[in-house]
Amino acid sequence: MPLFFGGWLNWLSGPQSTFEVAGPVAKAQLNVFYVTLWVTGIIFVLVAGVLTYATLKYKARNTADEHAAPPPQGHGNPLIELGLIAVSVLALVFIAVPTLKAIWYDYEVPAAEKETALEVNAIGYQWWFKFEYPAEQIAGAGTLVTGNELVIPAGRAVRLNLRSVDVIHSFWVPKLAGKVDMIPNRGNHMWLKADEPGYFWGQCAEYCGEDHAVMRFRVIALSEPDYAAWLVHQKAPGRVVPADAPSSAPAAAYDYKNPGRNAPGYSSAFDADPLGAWVKLQSPEAGEVPASIAHGRQLFQQKNCIGCHTVRGQEGVGVSGPDLTHIGSRTTIAGGVLENSKENLHRWLTDPNGVKPGNKMWTTGYNDSASGKEIFRINDDEARALVAYLHSLK
Amino acid sequence: MEALVQAAPGSHETHAAPKRSWLFTRPTAKTGIVSWLTTVDHKRIGLLYAISALFFFLVGGFEALLIRVQLAVPNNTFITHQTYNEMFTMHATTMIFLAVMPLSAAFFNYIMPLQIGARDVAFPRLNGFAFWVFIAGAIILNIGWFVKSGAPDAGWFGYAPLTSKAYSNQFGGDMSTDLWVMGLQILGVSSVVGSLNFIVTIINLRAPGMTMMRLPVFTWMTLVTAFLIILSFPAITIALVELMMDRSFDSNFFEAANGGLPILWQHLFWIFGHPEVYILILPAMGIISEIFPTFSRKPLFGYPIIVFSGACIGFLGFGVWSHHMFTTGMGSVATAAFSLMTMAIAVPTGVKIFNWIGTLWGGHLKMRTPMMFALGFIWMFMFGGFSGIMHSAAPADAQQQDSYFVVAHFHYVLIGGSVFALLAGIHYWFPLVFGRKVSEFWGKLSFWIIFVGFNVTFFPMHFLGLNGMPRRTAVYDGNMGWNDANLVSTIGAFILAIGVGVYFFVMIYTYFKGEKSGRDPWDGRTLEWALPTPPPEHNFDVIPTIHARDAFWYEKHHQREISREQAVHAKEEESHGGIHMPSQSWFPIVAASGLLIGSIFFVNHIYAGAIAGGALMVLGIYFWAAEGPGGYHVDPAGHDDGSHGKH
């Protein structure tokens, strides 16, 4: 039996557990849940007890019982009924009071924290998330923009303006806050706060079309100094590695074999310390091959990636896909579906439809959206160069 | 009403009037395919509803199994994302509109007129029309499986703007959403037509003495449900017409890109959608409220409170729709208001559970299969009700909304609640309809397999939802802690499927070879049990006079008084020339097929065909009016032993 219940508790633990809360909003919501659980639990025990007792006690034991003279034909008892109604109402008051408190608390950043709160615009696209930092303006380039990984300072309230450019999405990071929808033509907002630095899983929670299941994102909470350093880094233009830069010993080439449709893109090594993995990705990796990077940068233009993506300070003006200025420093690609490894990036570039069927890079980039005819493909050699380039964008 | 009007003495119209043109010759076949296509008998129409609903119940269940196979293991490739999305869209649409609603309608049709001592519904041909329109809607909804564009895939709730042309028309020629829009509109016609018929029937055709506060609770819930349908379907019809305009004629009700308001869809949809939940559960509560008294051998505890709480649920059901929208950013005051309203609706619901337990208290409980399903209903409905209270607390709901916790919740309400009650109802009334009784061993076996399978399937989903698994997701990663619960759930789904299989097999076996049951096998309390099995076409040889709430129970305990009274009434009826019956007619099915043909052309944007189909429908309705109600008389003396009420 303990094993049995232990198993159930395991079922409540995971990257998106609503029990392992890490911020005040999720905590307030969990507390309301516990209130409802207790009140309904007690009512359940009482009602179920009476029901069990009545069933066992008044059950006919044999056919003689069934054919005995009928029991007294009572029609009810108004006092009992009114009493039970009153008790039910009272039980609901127990739930209603903390519910109302939490509704107002969750709705808006508390007044005391308003001044220091960070404001971020979170915008839903089919099927990825864009994050804008309106307070962080870059000379000549406008607002700081990133994709799929929202970096926030721990211990500070974050107010999210939720928008959508196409269909309805919903922003949900279970450990930090319950969801609020991103609805076109509607200015929604929410707030959240991470108590400690951490790495949090999030996912779109409103059905938004073919790839809803693989529209995911991350929230990364950093200490204030780390966050400040990250901002400085992010505001810098895309990192350039000249083709004739001196190269150290090149890293061993990776093996690539397409693992097939829906194949998992996570690793247990990463999951063991995701924040540590994030830190490692912030600095250039050893064994870069400048020639390959330069070739990749050419391909980035030739394959018309620039039509949808931007690498700030280099080429690319497109805004319909995620900003790639610092793609090499992100932990995930393809809308949070794949860990940002060389093999996974290679897979994403050569077989986007196998990772996210119907994604826009495939339907409107690689193919003609009206006819479905192929415009181009990326072969293995091209993909290796593109991987080298994109991973150099730290 | 037709029946009443025509029953007036001096009416000599008969089905064989020789001078009428062939167009208006009424079909008279009593057996064979024509008799079913042209039937106006509420019992036959009820059976047609039941068979169609059970067929779609199996279709929807099959779709659910495909969903569960896909989710059995993480990162599965059993079906594609696209197919998965079609499956959950059609599973929900099928189960709600093509299985549970029509199965409830089957009971309304078959049982309700018998419970109020009527010989048919008020508008027999309209009743046939409602059924054939339902079939037309079902065909339109499912036609996508067989054509290139595929089945509808925008979810049963069809949130704008995902339903707009920009998103479901990506490579051109995708009419799946048009099929969904058209199918639901047609089903709405069927439901509203049927409901008006039931309302008029209950209000006008009750036997003498059957006051409103003597109505069996199932009939009461039929009435409340019918009002919910006629009041809530206009909202979704408006939304669907607007969406159809957007898709077919470039209007901009929901087109976000042109300033349309997607949130408007949600309000219109849920103003329909929440009452719809009660449309699905109130008939179930009505069935349960018949079964408990019968198998406890005592009257329903607190009848007036059960009736008023049912009506109260109906009223409050229109004031809670936005609890489906707690995450849409309504603002604190609106959220709080809908939160409190939702909590309030728990009270009349809880009251019903208290009263059912009160009915058991002090009874002689006969633990037959219907009773097992009914008790299963209470247990499962409690779970679903309690998780519903958890949703009503909006802050907690922010985590639960659109997660598997919600999936667990409403399956506890809709399977553990509605479906258990409907399965109980089938067992309960099977002897009345077919004169055979299901084996207790096999009935109980199917109950236990279904009960276990259901809980193994859906209980783990509570954990999945609270552990952050969103619904409507075709794949999930293996590192999220969702693997075990999903696998268990899938195993449960197959157990549930086996249980349903046993249930159906036993029903079919019983139909052919079951033990003959004779009249009133359960020691029933309501009027339908006064009838022989199967009931004759005219139901009651003599319209009964009602003296008490459990009318038939009263009759059984006051036999001398009743038989004296009936002898007098029989004489009166004879002097009217016997029992007047409505004639069969071709025009309901003709009008409905016009609707079907027109809709198919409309979805394909062939407007000339659409107009032709519409013309056929109008013509059908015109001839329907022109042929008149018709009618003929039967003489019960030559039909039955005429000993109504004797036992």
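**Exercise 1: Two domains in chain A**

The centres of domain 1 of chain A and domain 2 of chain A, taken over C-alpha atoms, lie 31 Å apart. Keep in mind as you work that this is a predicted model.

Task: Find which elements of domain 1 of chain A touch domain 2 of chain A.

Solution: Start with the bounds: domain 1 covers 12–59 + 77–234 of chain A, and domain 2 covers 268–392. Next, look at the contacts, where 23 residues of domain 1 of chain A meet 19 residues of domain 2 of chain A. On the domain 1 side, strand 2 (128–138), strand 3 (142–147), strand 9 (198–204), strand 10 (216–222) and helix 5 (224–235) of chain A each give two or more residues. Strand 10 of chain A has the largest share, with four residues. Finally, sort this side by class: 10 residues are nonpolar, seven polar and six charged.

**Exercise 2: A hairpin**

Task: Work out how strand 6 and strand 7 of chain A are joined and in which sense they pair.

Solution: First find strand 6 (residues 169–173), which pairs with strand 7 of chain A in the antiparallel sense over four bridges. Then follow the chain between them: a hairpin of three residues makes the link. Across the pair, Val173(A) faces Ala177(A) of strand 7.

**Exercise 3: A helix and its surroundings**

Task: Check the span of helix 10 of chain B, and find what its buried residues pack against.

Solution: Helix 10 (residues 303–316) of chain B has 14 residues, so at 1.5 Å a residue it should span 20 Å; the end C-alpha atoms are 20 Å apart, in agreement. Its buried residues include Tyr303(B), Ile306(B), Gly310(B) and Leu316(B). These buried residues pack against helix 4 (78–107) of chain A, and against helix 8 (217–249), helix 9 (262–296) and helix 11 (332–360) of chain B.

Now widen the view to both chains: 83 residues of chain B contact 85 residues of chain A. Helix 11 of chain B gives the largest share of the chain B side, 15 residues.

**Exercise 4: A loop residue**

Task: Is Met175(B) buried or exposed?

Solution: Locate Met175(B) in the loop between helix 6 (165–168) and helix 7 (176–204) of chain B. Because Met175(B) has 22 C-beta neighbours inside 10 Å, it counts as buried. Now compare sequence with space: Met175(B) and Asn604(B) are 429 residues apart in sequence, yet their C-alpha atoms are 7.5 Å apart. Beyond four places in sequence, Met175(B) touches Ser149(B), Val603(B) and Asn604(B).

Terms used: Residues are numbered from 1 along each chain as its sequence is written. Chains are lettered from A and ligands numbered from 1 in the order in which they are written. This is a predicted model: local features need pLDDT of at least 70, side-chain atom pairs count only at pLDDT 80 or more; totals for chains, interfaces and linings use all residues. Two strands pair if DSSP finds at least two bridges between them. The expected span of a helix is 1.5 Å times one less than its number of residues. A residue is buried if 20 or more other C-beta atoms lie within 10 Å of its own, exposed if 12 or fewer, and partly exposed in between; C-beta atoms are placed from the backbone. Two residues are in contact if their C-beta atoms, placed from the backbone, lie within 7 Å. Domain bounds come from an automatic or database domain assignment. Ala, Val, Leu, Ile, Met, Phe, Trp, Tyr, Cys and Pro count as nonpolar, Asp, Glu, Lys and Arg as charged, and the others, Gly among them, as polar.
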